Amino acid sequence: MELEARSIFNMRSTGELLRMYVVLKACSITPLVKNAEALVRASRRVLGDGFTFGLMRHTFMKQFCAGAVAVSRTYSYEDEATCDKHVGIFLQAIATGAKLPGQGFAAIKVTALGNPMLLERMSAALLEIRSLFREADRDGDGFVDRAEFEALYRQLFPAASQEAMGRAFAALDLEGAGRVDIISWSHRIHLADMPGMVARIKKQGTRTRLSDSLVAAALTQEEVALAQALLGRVAKLAAAAVGTNVKLMIDAEHTYFQPAIDHTTHVLGLSYNRASPIIFNTYQAYLKGSYERMAEDMERARREGYVFAAKLVRGAYVQLERKRAAAMGYESPIWDTIEDTHSNYNKCLEAVLDQVAEHKAEVMVASHNQASIERTVSGMAARGLSPSGGGVYFGQLLGMADNLSFTLGQHGYEAFKYVPYGPIELVMPYLMRRAHENSAMTKGPGIGKELAMLRTELWRRLSHPGSSSRGAKMHAAA
């Protein structure tokens with residue numbers, strides 16, 4: 001283990017290793033992590049921001065962030081002008097990614113580019129479109145034929161003529177198959193169509209369960225304009241990424257924003273993933289429906305003729321999602337056990353690796369789980385995928401799983417470090433999530449091995465002063 005530890009940590013100073021060890025050990029103290037937010041609030045109240053932020057800045061922030069050179073990726077909505085300013089910040093990240101050696105990556109949060117309430121409204125409208133499909137699919141065969149469509153249409157627009165219903169169905173059934181599935185349905189009913197549908201419903205005086213639900217969920221004309229402005233901001237970033245050959249990862253967020261984020265990514269994929277994948281959507285394996293969503297998106301990319309690109313993660317909002325579900329009285333979207341999440345991650349991974357092997361996809365395996373990394377490496381070998389240039393990338397967060405990142409890099413795999421940055425008061429939520437994530441990881445073998453390797457290397461250096469060295473290099477994702 002000594003030779004392995006020396007090789008992996010040779011780029012770190014002894015002081016950095018000591019900080020890393022202390023932070024990771026702190027994350028293993030469950031009561032400390034569970035009450036971290038309350039302890040930070042109490043420290044700020046009693047000891048002041050200077051002491052509290054100073055301590056965090058020299059421990060957790062130095063471990064997990066690159067510094068305070070720009071505004072953090074954690075944003076609160078102020079106005080549309082502020083969202084336009086955020087575009088400039090993300091453009092800087094793309095420019096930084098272009099200057100790094102090898103393939104450049106940058107990550108963005110869509111909630112920084114529009115009102116989060118708008119994203120929630122967009123998500124509700126998109127889910128309503130899918131709900132209409134389920135309502136129309138009376139026999140549950142996964143398709144809506146002409147008769148099923150007309151039955152639904154009459155409930156919304158009872159005065160519609162047979163000719164009008166025929167035109168509406170033909171707009172969905174462009175292939176002339178006589179039926180449509182959810183991919184065609186959701187792709188060909190647009191958010192911008194909904195205000196007109198609502199106007200027709202109100203003009204005809206329709207009041208049914210379906211019409212009332214559609215009227216409540218549909219965007220207004222003003223919201224459609226705001227949604228188009230949001231899409232324009234993301235498209236500007238995508239164009240910059242294409243122009244500099246930087247791959248753009250769209251971060252996953254809370255489930256009540258995610259349908260809108262997925263929609264944005266799909267629209268961009270149609271334009272920017274034709275020749276090679278630039279736009280990467282993020283799939284959270286801790287969500288119960290994530291495999292089905294990813295499989296649907298892969299099929300959508302195949303039909304529309306663009307390259308599918310995914311960042312595969314487990315997920316970072318477990319407590320928030322479960323608390324919200326309990327408070328609002330719906331089933332938790334999170335798998336019940338970590339074993340279920342692991343199994344789903346593996347299922348998603350195998351499916352996307354199959355697509356990569358057929359040159360139909362690329363994937364960023366964003367994981368600190370050693371078993372997942374080993375499974376990916378084995379899967380690549382079995383499919384004849386090269387460690388470099390084969391369409392598979394590995395990503396870990398700055399300050400976490402260095403033993404995995406550097407081992408991958410040393411063996412020729414394309415490994416990246418996700419490098420967040422920003423002032424301490426704005427990155428606190430990010431730091432709290434990292435503490436919770438590391439706390440969960442300490443219960444597995446991966447973090448135990450990393451701590452053991454840290455102890456080994458620290459003992460070697462302290463026993464033999466002057467023996468530390470620095471040298472290895474890693475990719476960074478801006």
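In this predicted model, helix α13 meets helix α14 through L230, L231, V234, A235, A238, A239 and V242 on the α13 side. The partners in α14 are T264, V267, L268 and Y272. Sorted by class, the residues of this contact comprise 10 nonpolar, one polar and no charged. Helix α13 spans residues 221-244 and helix α14 spans residues 258-272. Their axes come within 10 Å and cross at roughly 40°. Angles under 35 degrees would count as roughly parallel, so α13 is instead oblique to α14. The crossing of α13 and α14 is right-handed.

Two further helix pairs can be described in the same terms. Two packed helices are described by the angle between their axes and the distance between the axes.

| Helix pair | Angle | Axis distance | Handedness |
|---|---|---|---|
| α13 and α14 | roughly 40° | within 10 Å | right-handed |
| α7 and α12 | about 160° | 9 Å | left-handed |
| α8 and α9 | about 120° | 10 Å | right-handed |

Helix α12 covers residues 209-217 and packs against α7 at about 160°. An angle over 145 degrees counts as roughly antiparallel, and α7 and α12 are therefore roughly antiparallel to each other. The crossing of these two helices, α7 and α12, is left-handed. From α7, the contact uses R121, A124, A125, E128, L132 and E135. From α12, R209, L210, S213, L214, A216 and A217 take part. The contact of α7 with α12 has seven nonpolar, one polar and four charged residues.

Helix α8 (residues 146-156) and helix α9 (residues 162-172) pack at an angle of about 120°, with 10 Å between their axes. That angle makes α8 oblique to α9. On the α8 side the contact is made by R146, F149, E150, Y153 and R154. On the α9 side the residues are Q162, M165, G166, A168, F169 and L172. By class, six residues of the contact of α8 with α9 are nonpolar, two are polar and three are charged.

The remaining points concern empty space. Rolling a probe the size of a water molecule over the atoms shows where such space is left.

The second largest pocket holds about 1,400 Å³ of space. It is lined by 44 residues, and the closest to its centre are L126, L127, R130, P259 and D262. The lining of the second largest pocket has 21 nonpolar, 12 polar and 11 charged residues. Which helix gives the most to the lining of this second largest pocket? Helix α14 does, with eight residues. Elements that each supply at least two residues of this lining include α7 (116-136), α10 (182-188) and α13. Helices α15 (290-304) and α16 (318-328) also each supply at least two residues.

How many cavities of 30 Å³ or more are there? The count comes to one cavity. The largest cavity has a volume of about 100 Å³. Its lining is made up of T265, H266, G269, N273, I279, N281, Y283, D297, Y306, V307, F308 and A309. Helix α14 and the strands β5 (279-284) and β6 (308-313) are the elements that give two or more residues to the lining of the largest cavity. Of the residues in this lining, six are nonpolar, five are polar and one is charged.

Notes. Residues numbered from 1 in each chain as written. Predicted model: local features only at pLDDT ≥ 70, side-chain atom pairs only at ≥ 80, totals over all residues. Heavy atoms only, no water. Axes fitted to C-alpha atoms, helices over the stretch in contact; angles between N-to-C directions. Helix = DSSP H or I, 4+ residues; strand = E, 2+ residues; numbered from the N terminus. Parallel < 35°, antiparallel > 145°, perpendicular 65-115°, else oblique. Left-handed = near helix turned anticlockwise from the far one by under 90°. Contact = heavy atoms within 4.5 Å. Nonpolar A, V, L, I, M, F, W, Y, C, P; charged D, E, K, R; others polar. 1 Å grid on protein atoms, 1.4 Å probe; cavity = no way out; pocket = protein on both sides within 12 Å on 5 of 7 lines; lining within 4 Å. Points joined across faces, edges and corners; volume = space filled by probe spheres on them.
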